Amino acid sequence: MTESRGSDERQTETQELTRAELIAAVKGATHDVFSTMLGLEIEAGESSLKKPATAEASAVVSLVGLAGTWAGAGSMSCSASLACMLSSRLLTTECISVTEDVLDSVAELINMIVGNVKNAVEERIGPMWLSTPTVIFGRNLQTRSAGNQDWTVVPFRIGEETMHVQICLSRSRETPFREGRPGFLIPHMMNL
Amino acid sequence: MLDVLIVDDSAAIRKILQRVLRQAAVPVGTVYEASDGVEALEILKAQTVGLVLSDINMPNMDGLEFLSRVKAQEVWKKLPVVMVSTEGGQAKVLEAVELGAAGYVRKPFTAEQIKSKLAGFF
């Protein structure tokens with residue numbers, strides 16, 4: 001997270017963001033969302049830096065984009081059974097299969113997590129805007145970044161299962177400032 | 001009884017807020033739902049609503065644009081609009097207050113936070 005600064009005046013006003021700060025923001029936001037909305041105290045595992053390549057027998061992946069002086073995306077991936085459990089807790093309704101309710105719930109969870117990461121870091125790096133969340137459910141799916149950026153991956157253990165929250169954030173080459181929710185493409189490709 | 005309009009592009013959040021309202025010890029009448037500001041304005045034109053809970057980040061028309069359009073209409077000037085959003089930055093909160101928001105709840109929220117914020121409107 002140490003890209004050189006451009007000549008844009010707005011860029012020179014912002015500061016760098018360390019990976020440790022980003023990890024702390026992800027852990028804090030995820031913990032806050034899960035404890036407040038789901039009543040779950042979750043424990044973060046050791047974070048890693050990598051190109052995302054997830055393969056699950058049956059997985060739910062939710063993504064939300066970030067745009068501003070810094071841009072990127074955040075995602076959350078978990079098994080279908082864990083997605084159902086999280087949705088059951090969020091909606092206080094039993095969910096036994098991946099329905100619209102489950103997909104909506106997982107979309108809202110990543111929206112809140114990335115929204116709170118954004119709140120935590122934008123005082124340092126400038127304002128950002130969130131895209132509408134996208135959720136994908138499939139079997140044996142793989143995710144791949146279209147760019148070269150590494151993703152910061154933070155695993156969270158929930159019971160016997162693991163959920164991964166991933167974030168990719170780097171300084172924009174251009175400053176796409178536009179008020180409102182951006183409709184840009186998330187730098188992520190899915191093969192179902 | 002007070003009719004309430006919930007505006008959020010997340011069906012999950014609309015369900016949660018609906019449940020919290022129903023469980024709160026306040027006299028809630030009909031609860032209308034809209035998934036963006038455009039739909040919300042259509043509901044306001046057709047129904048008499050006493051309180052609005054609105055997200056900020058939504059497609060088509062976001063919550064701040066919706067709020068400014070509500071406050072621009074004489075008939076809705078006194079209608080309380082409480083923002084419920086992940087947007088927690090001071091600038092965004094101030095912008096909402098300047099536009100006439102009656103309150104601000106940051107997501108994630110607890111049922112108690114929502115109930116306490118809304119108690120004064122019933």
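# A walk through a predicted two-chain contact

Start inside chain A. A:Thr152 touches A:Arg19, A:Leu22, A:Ile23, A:Ser48, A:Leu49, A:Val165, A:Gln166 and A:Ile167, leaving aside residues up to four places away in sequence. This threonine sits in strand β7 of chain A, which covers residues 151-158. Is A:Thr152 buried or exposed? Its relative accessible area is 4%. Buried means under 20%, so A:Thr152 counts as buried.

Keep in mind that this is a predicted model. Its scores are ipTM 0.91 and pTM 0.87. For chain B, the mean pLDDT is 94. In that chain, 100% of the residues reach 70 or more. Where pLDDT is low, predicted coordinates should not be read in detail.

Now turn to the place where the chains meet. Together the two chains bury about 1800 Å² between them. Of this area, 51% is on carbon and sulfur atoms. On the side of chain B, three residues lose the most area to chain A: B:Asn57, B:Thr86 and B:Pro108. Together they make up 27% of what that side buries.

Look next at the pairs that cross the interface. There are 10 residue pairs in polar contact between chain B and chain A, counting pairs with both residues at pLDDT 80 or more.

Side chains of opposite charge can pair when their charged atoms come close. Over all chains, the whole structure holds 13 salt bridges. Four salt bridges lie across the interface of chain B and chain A. One salt bridge joins B:Arg106 to A:Asp32, with the closest N and O atoms 3.4 Å apart.

Another joins B:Lys107 to A:Glu108, and here the closest N and O atoms are 3.5 Å apart. This pair crosses between chains. B:Lys107 lies in the loop between β5 (103-106) and α5 (111-118) of chain B. A:Glu108 lies in helix α4 of chain A, residues 100-125. Both B:Lys107 and A:Glu108 are buried.

Other salt bridges stay within chain B. The side chains of B:Arg14 and B:Glu33 meet at 2.8 Å, N to O. This pair links distant parts of the chain, 19 residues apart. B:Arg14 is in helix α1, while B:Glu33 is in strand β2, residues 28-34. How do the two partners differ in accessibility? B:Arg14 has a relative accessible area of 14%, so it counts as buried. B:Glu33 has 32%, so it counts as partly exposed.

The next pair sits within one helix. B:Glu65 and B:Arg69 form a salt bridge at 2.8 Å, N to O. Both lie in helix α3 of chain B, residues 63-72. They are four residues apart, about one turn of the helix. B:Glu65 is partly exposed, at 34% relative accessibility. B:Arg69 is partly exposed too, with a relative accessible area of 41%. Elsewhere, salt bridges share partners: A:Glu108, B:Asp8, B:Asp55 and B:Lys107 are joined into one network.

Conventions:
Residues numbered from 1 in each chain as written. Chains lettered and ligands numbered in written order. Heavy atoms only, no water. Buried area = accessible area lost by both parts, 1.4 Å probe. Polar contact = N/O pair within 3.5 Å; in protein donor to acceptor, adjacent residues only side chain to side chain. pLDDT = per-residue confidence, 0-100. Helix = DSSP H or I, 4+ residues; strand = E, 2+ residues; numbered from the N terminus. Buried < 20%, exposed > 50% of the residue type's maximum accessible area, 1.4 Å probe, protein only. Contact = heavy atoms within 4.5 Å.
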